[in-house]
Amino acid sequence: MRASDADRDATAQRLATALSEGRLDLAEYDHRLNAALAATTIGDLVPITADLPAPGGAAGPAADSGPVDLAANAPAAPASEWRKWFDEWRHWLGGSVIMIGIWGTTSFAGGELQPFWPLIPIGIWAAVIVAMVFFPGDD
């Protein structure tokens, strides 16, 4: 069966969770994410997360350990904050690459270097991300 965008997004979310839990390093995450985004069938997606725990469940002996200690789960909040921070900068980098690519293409097409206009939106965007550290939202 062909994979839908929702199927690829669900796989990407499982990979992001595994990254934030320390089950994958950044290189392995990137490799698997690229494979997930390029998948055309459900069968292509299955092996990408086959060695990861099921969503919402724990892996191995911890699943049989009895009652859950809520205090033990407290460190998850800082990891979540780091993940948000990482995602913001990842989006910034992607947007920067796109804007610089547009600038480079227009400069090439025009036969001369155009003024480096991407500096303004890239700089403002970076300043907003840095300001989020000092003035966090209430999400």
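Does Trp103 count as buried or exposed? Trp103 counts as buried because its relative accessibility is 16%, where buried means under 20% relative accessible area, exposed over 50% and partly exposed in between (1.4 Å probe, protein chains only). This is a predicted model, in which local features need pLDDT of at least 70 and side-chain atom pairs count only at pLDDT 80 or more, while totals for chains, interfaces and linings use all residues. Residues are numbered from 1 along each chain as its sequence is written, and side-chain values use heavy atoms, leaving out hydrogens and water.

**Aromatic pairs**

- The whole structure contains three aromatic pairs; rings of Phe, Tyr and Trp (its six-membered ring) pair if their centres lie within 6.5 Å, and planes under 30 degrees apart count as stacked, over 60 as edge-to-face and the rest as tilted.
- The ring centres of Trp89 and Trp92 are 5.2 Å apart and their planes stand at 75°, so this pair is edge-to-face.
- Trp103 and Phe116 also form an edge-to-face pair, with 4.9 Å from centre to centre and 85° between the planes.
- Phe116 is partly exposed, because its relative accessibility is 36%.
- Trp85, Trp89 and Trp92 form one aromatic cluster.

- Leu45 lies in helix H3 (residues 42–45); helices (H or I, at least four residues) are DSSP runs, numbered from the N terminus.
- Leu45 is buried, with a relative accessible area of 5%.
- Beyond its neighbours within four places in sequence, Leu45 is in contact (heavy atoms within 4.5 Å) with residues including Ala3, Asp7 and Ala39.

Conventions
Helix = DSSP H or I, 4+ residues; strand = E, 2+ residues; numbered from the N terminus.
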